[in-house]
Amino acid sequence: MKVRGADYGRGMGASIDLTLDSTDAQVLATFWKTALGYVDEPPPAPFATRAEWLAQFDLPEDDVADDGAWLCDPDGIGPRLSILNVPEPKTAKNRLHIDIRVPGHGGPDERWARIRAESERLVKAGGSVQEIVDGHHVVMADPEGNEFCVAAASA
C-alpha cells in the first residue's frame with residue numbers, strides 16, 4: 001500500500017508493512033491467510049528458506065523460523081504482514097486495527113448480507129465476533145484476540 005500525496009524527496013511514496021505480535025505465529029498466519037487471501041511470502045533473495053535468511057542475524061539459538069510468519073498479497077497490492085512470536089500475551093485493546101472490506105456495491109441490505117457472510121466465514125476460520133453494529137460493520141477478533149472490523153468498501 002502506497003502513501004499517496006506525499007513527496008519524500010525522491011518522487012516516491014512510502015510503503016507500509018503491518019506486524020502482529022503473537023504467541024503462535026503459525027496459527028495466526030493460517031487465520032490471516034484465510035481472512036485476506038494472502039500467501040506465504042518467499043524469503044528475500046538470495047536465500048532459499050526463511051531459516052537460511054534468519055541465520056544471518058545474531059539471534060538467540062532458540063529463535064527459529066516457525067517463531068514468525070511473513071505473508072503477502074499475491075497481487076502485490078495490500079501491505080505485507082509479519083507475525084512474530086513474543087513472550088507476553090495481548091493485554092489491551094489494539095490501538096491500530098485492520099478493516100476487511102467486502103464489495104460495497106448494491107443496496108444496504110446486499111452490503112450488510114456480504115458483511116455478515118464474511119464475518120461468518122471468519123468465525124469458521126477461528127475468529128470471533130465481538131460486536132455487531134447492525135447494518136454497518138462487525139467488530140471481530142482473530143484467534144489471539146487482535147481486533148479487526150468487517151465492513152463494506154465504498155460503492
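Biologist: How many helices and strands are there in the protein chain?

Modeller: This is a predicted model, in which local features need pLDDT of at least 70, side-chain atom pairs count only at pLDDT 80 or more, and totals for chains, interfaces and linings use all residues. Residues are numbered from 1 along each chain as its sequence is written, and side-chain values use heavy atoms, with hydrogens and water left out. Helices (H or I, at least four residues) and strands (E, at least two) are DSSP runs, numbered from the N terminus. Along the sequence the pattern reads β-α-β-α-β-β-β-α-β-β-β, which gives three helices and eight strands.

Biologist: What percentage of the 155 residues is buried?

Modeller: Buried means under 20% relative accessible area, exposed over 50%, and partly exposed in between (1.4 Å probe, protein chains only). By that cut-off, the buried share of the protein chain is 30%.

Biologist: Which residues does Ile83 touch?

Modeller: Contact means heavy atoms within 4.5 Å. Leave out residues up to four places away in sequence, and the partners of Ile83 are Leu20, Ser22, Ala25, Leu28, Ala29, Trp32, Asp67, Gly68, Ala69 and Leu71.

Biologist: Which residues form one aromatic cluster?

Modeller: Rings of Phe, Tyr and Trp (its six-membered ring) pair if their centres lie within 6.5 Å; planes under 30 degrees apart count as stacked, over 60 as edge-to-face and the rest as tilted. Phe31 and Trp32 are edge-to-face, at 5.2 Å centre to centre and 90 degrees between the planes. Trp32 and Phe148 have centres 5.1 Å apart and planes at 65 degrees, so this pair is edge-to-face too. The cluster is Phe31, Trp32 and Phe148.

Biologist: Is Trp32 buried or exposed?

Modeller: Trp32 sits in helix H1 and its partner Phe148 in strand S8, 116 residues apart. The relative accessible area of Trp32 is 1%, so Trp32 counts as buried.

Biologist: Is Gly37 buried, partly exposed or exposed?

Modeller: Gly37 is found in the loop between H1 and S2. Gly37 touches Trp32 and Pro74, not counting residues up to four places away in sequence. With a relative accessible area of 39%, Gly37 is partly exposed.

Biologist: Which peptide bond is cis, with omega near 5 degrees?

Modeller: Most peptide bonds are trans. Pro46 has its place in the loop between strand S2 (39–40) and helix H2 (50–54). The cis bond runs from Ala45 to Pro46.

Biologist: How far apart in space are Gly37 and Cys72?

Modeller: In sequence, Gly37 and Cys72 are 35 residues apart. In space, C-alpha to C-alpha, the distance is 8.9 Å.
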